[in-house]
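User: I have a two-chain model on screen and want to learn how to read it. Can you take me through it feature by feature?

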Amino acid sequence: MNTRSLSFRLVAWYAGVLTIVFVLLGVLTFFFLRHYLEANLLDTQARRARQIADTLVAHASRGGEGAMLTQVENLYSPEANDRFIRITHTDGTVVYTSGAPLDGRFNPQQVPARAAGDDVGPGHKVRLPGGSLLIAARGATGTDGTRYLVEVGASGASTEATLTRVLVMLAVGLPIAVCVAVAGGFVLVRRALEPVERIARKAEEITQHSLSERLPVVRSGDELERLSVSLNHMISRLEEAIHGSKQFVADASHELRTPLTVMRGELESLAQDGQLKRETREALGSVLEEVERLGDIVEGLFALSRLDAGEAPAEWVRFDLAELAATTADQMSLLAEDKQVSVACESSRDVTVAGDRARLKQVVVNLLDNAIKYTPSGGHIALSVRREGAYAVLDVTDNGIGIPAEALPHVFKRFFRVDGSRSREQGGAGLGLSIVKSICSAHGAVIEVMSAPGRGSTFRIKQPLARDAAARPS
Amino acid sequence: MRMLLVEDEKKVSELVARALRAERYAVDVAGDGQSGWELAEAYDYDLIILDLMLPALSGAELLRRIRRKNQQVPILILTARDATEEKVRNFEAGADDYLTKPFAFAELIMRVKALLRRGPVTRSSVLRVADLEVDRFTQQVRRAGRKIELTPKEYALLEYLAANPGRVFSRTMIIEHVWDQSFEGLTNIVDVYVRHLRTKVDDPFPVKLIRTVRGVGYGLVESAEG
């Protein structure tokens with residue numbers, strides 16, 4: 001999982017905040033509940049202490065202390081009710097202590113005596129080995145003026161049990177709640193960000209050649225709709241800009257043709273004049289050669305702009321690429337021979353592709369011409385055509401000077417030259433490989449180049465076989 | 001022979017007219033579509049050369065009008081556009097031939113001649129240039145009575161040059177006629193073939209027939225004076 005993805009980070013933050021909130025809530029609940037339960041228990045003890053104080057201790061003098069104690073025991077039976085009752089004189093002498101409760105939660109004898117002069121507070125908690133004891137105290141004055149302190153306590157065990165249960169419930173319930181919430185949040189985030197994924201995928205699909213396509217816009221009225229709409233606007237502007245630059249190349253190469261015609265016509269008629277001085281004729285010839293090259297460049301640019309514009313090819317026929325390659329290699333063999341470069345053509349039979357025969361032939365011509373140009377005499381060029389699955393693969397391999405690695409990504413760019421001088425003196429317009437690439441794209445073919453400087457280059461074209469030819473076993 | 005040239009680029013029309021007049025044709029020049037139409041309506045021309053991009057009246061429209069009036073006159077279209085569909089559309093509208101700028105003037109003259117030659121033309125099967133004989137029927141070549149063996153491409157090249165002795169062909173023209181359009185821009189192949197042709201046709205003989213005009217191209221000398 002991508003930990004930097006927006007959905008992951010959102011869910012992580014969400015889970016973190018949620019956990020903190022839940023834990024705080026649990027802690028608050030726990031302490032509030034403990035406070036409430038203990039206060040409640042203490043309150044009950046306090047009432048009981050007051051009762052004892054008011055009704056009994058006040059009359060202690062009538063039947064003597066003994067009668068009072070019997071009455072306390074009878075009326076309140078502290079042992080049976082798991083209660084702790086203690087009555088002391090203010091000077092600290094214990095008048096009465098209740099017996100051990102039936103459930104044995106605490107031992108009344110262990111409850112520390114109250115220090116004399118202690119204020120009668122709201123109550124306090126005493127920790128005993130068996131558990132805690134909540135004790136409320138009440139002062140009382142007998143009819144004879146004797147001052148007593150009545151202490152009534154109850155075990156906090158049940159309160160603690162309740163609290164423990166609450167704690168367990170929180171400990172189990174909290175992670176579950178967090179998990180459920182995180183899962184829900186994850187689903188929500190995924191659903192909310194799913195359009196982003198779709199926009200990204202579509203945006204990756206849109207290339208220079210499919211700029212007319214647009215991103216999907218979900219009419220949700222949210223930020224994502226705005227994002228996709230503004231991205232679409234950007235693509236529109238991009239399309240306009242690219243279209244504009246293509247149109248410019250087309251227009252410029254078109255406009256250059258008329259002046260070139262005039263220049264060439266005038267120069268040609270001059271050059272054929274036999275009366276000219278030798279130097280003049282040479283100069284004219286040189287200018288004419290440059291005019292011709294300019295014409296080649298203009299033609300190349302025009303051809304490229306037409307290919308870019310996606311102009312429908314003149315013809316779309318099925319033909320044998322192997323045969324086309326063999327014929328072309330044969331037609332160009334003299335050119336290679338002249339440079340003492342050998343051309344070997346090896347091809348399997350019947351590699352049927354569909355396309356514009358003339359243009360695909362131009363691809364082979366340009367690739368072979370390049371190979372011949374950049375292979376020194378004595379070198380070797382191999383042209384091969386074969387089937388590979390559903391593809392026709394055409395390789396032009398030479399053992400010539402090769403292409404430096406840093407130049408490889410650029411060889412299909414217009415006017416790119418590996419080094420300034422080497423192809424200009426060969427008379428190239430610098431457009432041959434761009435045209436090859438454009439023709440390949442128009443045919444759904446992929447061209448790639450592998451090269452090692454000093455060892456040679458291989459240009460490989462992979463074109464889908466014509467539809468039903470692909471089904472036939474090779 | 002009288003022909004009409006409708007072309008708005010003054011320099012181009014002057015050049016074309018000059019080249020045609022040099023071939024002893026009478027040439028009327030119109031600078032826009034409207035005046036071109038007026039001339040075409042008034043006279044019977046043997047050939048009309050038409051630029052497609054014209055002011056006042058477009059070349060395509062002018063082409064249709066001329067065709068409505070006159071079915072016979074050959075029409076050669078001159079244009080800087082060479083989109084294939086457009087070519088097809090104009091052929092359908094009645095154009096007989098098509099030339100894309102920038103063109104070589106030799107090419108224009110050849111096409112004009114070809115258009116004018118249409119119909120029953122008796123063509124000799126043997127082309128003769130000085131002591132060179134090219135037999136189109138048997139595809140055999142002799143010079144001074146000696147048979148010369150040529151490869152098919154060498155033969156095609158020589159036949160093309162011999163068909164118009166005295167004229168110089170640009171390498172692009174030679175490529176288009178002898179090879180095919182896929183070899184466009186690959187003009188060095190022409191140089192190689194011409195060199196091979198020379199070793200067979202010229203080297204054994206004192207008089208050299210194949211002529212090079214630098215920057216322009218190749219041709220055969222008409223008379224063997226040098």
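User: In chain A, what share of the contacts with a separation of 6 or more comes from residues 24 or more positions apart?

Analyst: Two residues are in contact if their C-beta atoms, placed from the backbone, lie within 7 Å. In chain A, residues 24 or more positions apart account for 64% of the contacts with a separation of 6 or more. For chain B, 56% of contacts between residues at least 6 apart join residues at least 24 apart. This is a predicted model: local features need pLDDT of at least 70, side-chain atom pairs count only at pLDDT 80 or more, and totals for chains, interfaces and linings use all residues. Residues are numbered from 1 along each chain as its sequence is written, while chains are lettered from A and ligands numbered from 1 in the order in which they are written.

User: How many helices and strands does chain A have?

Analyst: Helices (H or I, at least four residues) and strands (E, at least two) are DSSP runs, numbered from the N terminus. Chain A has nine helices and twelve strands. Chain B has eight helices and twelve strands.

User: What span does helix H5 of chain A reach?

Analyst: The expected span is 1.5 Å times one less than the number of residues. H5(A) covers residues 278-308, 31 residues in total. From first C-alpha to last it reaches 45 Å, close to the 45 Å expected. Just after H5(A), Gly310(A) takes a positive phi of about 70 degrees.

User: Which elements of chain B give two or more residues to the side that touches chain A?

Analyst: Start with the contact: 27 residues of chain B meet 37 residues of chain A. The elements are helix H1 (10-22) and helix H8 (188-201) of chain B. H8(B) gives the most, with five residues.

User: How does H1(B) pack against H5(B)?

Analyst: Axes are lines fitted to C-alpha atoms, for helices over the stretch in contact, and angles run from 0 to 180 degrees between N-to-C directions. H1(B) and H5(B), residues 105-117, pack at about 55 degrees, with axes 10 Å apart. That makes H1(B) oblique to H5(B) (under 35 degrees is roughly parallel, over 145 roughly antiparallel, 65 to 115 roughly perpendicular, the rest oblique).

User: Which residues meet there?

Analyst: From H1(B) come Leu15(B), Val16(B), Ala19(B) and Leu20(B). They meet Phe105(B), Leu108(B), Ile109(B) and Val112(B) of H5(B). An α-helix has 3.6 residues a turn, so residues three or four places apart point the same way.
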